[in-house]
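Please read the points below alongside the model, as notes for a colleague who is new to it.

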Amino acid sequence: MALLKMLALKGQHIAQESIIPLLARIGLAATFWLSGQSKVMGLNIDILGDTPWQLGIPRTTDSAVSLFANEYQLPLLPHDVAAVMAVTAEHVFPLLLIVGLATRFSALALMVMTLVIQIFVYPDAWPIHATWLTAQLYLVTYGGGRFSLDRLIYRYRT
């Protein structure tokens, strides 16, 4: 019985320190990266492998700006500014999450973005947003885990 308890605790520790944060980082990064890729031209890094990569200077598409002007209609921000901010966030923060650098900050930034989407854009999409928020909250609370640059930097500095 003691052996089973010890194995269960070890498995829980491995999951909390390694598997859960890694999966949360990869899942959130993929979700937001794909969304960002749908709004740019000049840079195409298709993580699903359907189209060849195109490395260049990314530019927000006219259709993305139109989407922010007509469908999303965020308050307080001009649609062209909102589009560029979203595209930038959907590319920068996923890259940081993948390598596990500034994980808590990146997850928090995407959490704010998710809340804006939930409140102002797609209020009926709460089930998917709740899933994203759960992963984001985990990363904000516990960090990027064992397989992150944050952890390497922390160990190097201490």
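1. Ile26 has 42% relative accessibility and therefore counts as partly exposed (buried is under 20% relative accessible area, exposed over 50%, partly exposed in between, with a 1.4 Å probe and protein chains only). Ile26 sits in helix 1, residues 2-37, where helices are DSSP runs of H or I with at least four residues, numbered from the N terminus. This is a predicted model, in which local features need pLDDT of at least 70 and side-chain atom pairs pLDDT 80 or more, while totals for chains, interfaces and linings use all residues. Residues are numbered from 1 along each chain as its sequence is written, and side-chain values use heavy atoms, without hydrogens and water.

2. Turning to aromatic pairs, the count comes to five (ring centres of Phe, Tyr and Trp, the last by its six-membered ring, within 6.5 Å; planes under 30 degrees apart are stacked, over 60 edge-to-face, the rest tilted). The ring centres of Phe93 and Phe105 are 5.8 Å apart with planes at 65°, so this pair is edge-to-face. Because Phe93 belongs to helix 3 and Phe105 to helix 4 (residues 103-121), the pair ties together parts 12 residues apart in sequence. Phe93 is buried at 15% relative accessibility, whereas Phe105 is exposed at 52%.

3. The rings of Tyr138 and Tyr142 have centres 4.8 Å apart and planes at 45°, so they form a tilted pair. Both residues lie in helix 5 (residues 126-142), four residues apart, or about one turn of the helix. Tyr138 is buried, at 17% relative accessible area, while Tyr142 is exposed, at 56%.

Definitions and conventions:
Helices (H or I, at least four residues) and strands (E, at least two) are DSSP runs, numbered from the N terminus.
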